[in-house]
Amino acid sequence: MAGTARTRPSGSDRALREVYDTALLDLDGVVYVAGDAVAHAVRSLEEARAAGMGLAYVTNNASRTPGAVAAHLVELGVPAEADDVITSAQAAARLIAEQLPAGARVLAVGGDGLREALREQGMSVVDSADDEPAAVVQGYGGPGMPWGRLGEAALAVGRGAAWFASNGDVTIPGDRGVVPGNGAAVEVVRLATRWMRDAPEPQIAGKPRPPMHRETILRTGARRPLVVGDRLDTDIEGAHAGGVDSMLVLTGVTDAAQLLAARPEHRPAYVAGDLRGLAQPHPEPGGDAESGFVCGGWTARAVADGLVLEGEGEVLDGLRALCGAAWTAAGDEGGCGLESGKALARLGL
């Protein structure tokens, strides 16, 4: 829950798809990577839906429409319809509609997903600062977005338009590596408006901010959701802020060492190798700092020169035990800085 420092992963004797009514799934790094399905993702999601679990695909990428995202998922074999997709563009558009009158002019700097979301909320989309927009909203526009679009945004913000952004992710994974994301474009406009007295800051809607979590709940009606993601600073932090449980999968950007060093707001309730974790029970580590944290056949301790792991068994059980040792050693003040390389090497991580 929000405000509580987790000192070990949670446990569940039942499969998570039986415990939670809806999985709020991040896409890149969880369901697909560089456009291709992650191993075991398609079958795991099919089985989760067949077991009665709702599936919602929640993305900070505002460039594509929900229909386009759903079509891509279906091509991969993932069960999805447009209504199953929630984007940061939708969260931003709702935020704007709550603050501006119906039909207000909004300068959209981004892709089709952003423009469609604004129109869905009754906003009038414009392309120039000379159209006297009441607001500017930035969303990821892809590598082909013209530089001049950022100029229009800066001009409009400089003339007093309210400023919004779908998300603040500075980078985004691409086919050839990591490239600038929407947060980088937001920084360009921020730099271009520093001359203003009391220079404004954008209202950001996407993960880990509350507007995104609210949007997912409004659109899914979830009563007991489980956030599933691969990023600590968006997916897991967003779940923490919303006071709901989360499951980290290790198929994306977060590795085991980063998980052990996670700050309190970045610690997931559950850890899984991939989406098969939805169908599995999750043992909770027992023990304490003095006697060591035990999970499966493993025992983990925090000592002066690092984290120590002894025993044998399932890899994820060893990682869960290490999380207990690391997070307890760090407490609620920050992340664990103890050396973890030797312990993780025993697990092949």
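Strand β13 (residues 225-229) runs parallel to strand β14 and is joined to β14 by 4 bridges, where two strands count as paired if DSSP finds at least two bridges between them. Within this pairing, Gly-229 stands opposite Leu-248 in β14. The model is predicted, so local features need pLDDT of at least 70 and side-chain atom pairs count only at pLDDT 80 or more, while totals for chains, interfaces and linings use all residues. Residues are numbered from 1 along each chain as its sequence is written, and side-chain values use heavy atoms, with hydrogens and water left out.

Strand β14 (residues 245-249) is largely enclosed by the rest of the structure, because 5 of its 5 residues are buried, buried meaning under 20% relative accessible area with a 1.4 Å probe and protein chains only. In a regular strand the side chains alternate between the two faces of the sheet. Both faces of β14 are covered, as the table sets out.

| Side of β14 | Buried residues |
|---|---|
| One side | Asp-245, Met-247, Val-249 |

Helix α4 (residues 88-97) is mostly covered, with 8 of its 10 residues buried; among them are Ser-88, Gln-90, Leu-95 and Ile-96.

For the protein chain overall, there are 12 helices and 19 strands, which are DSSP runs numbered from the N terminus (helices H or I, at least four residues; strands E, at least two). Of the 349 residues of the protein chain, 51% count as buried. Among contacts (heavy atoms within 4.5 Å) between residues at least 6 apart in sequence, 70% join residues at least 24 apart. The C-alpha trace spans about 70 × 45 × 35 Å along its principal axes.

Conventions
Buried means under 20% relative accessible area, exposed over 50%, partly exposed in between (1.4 Å probe, protein chains only).
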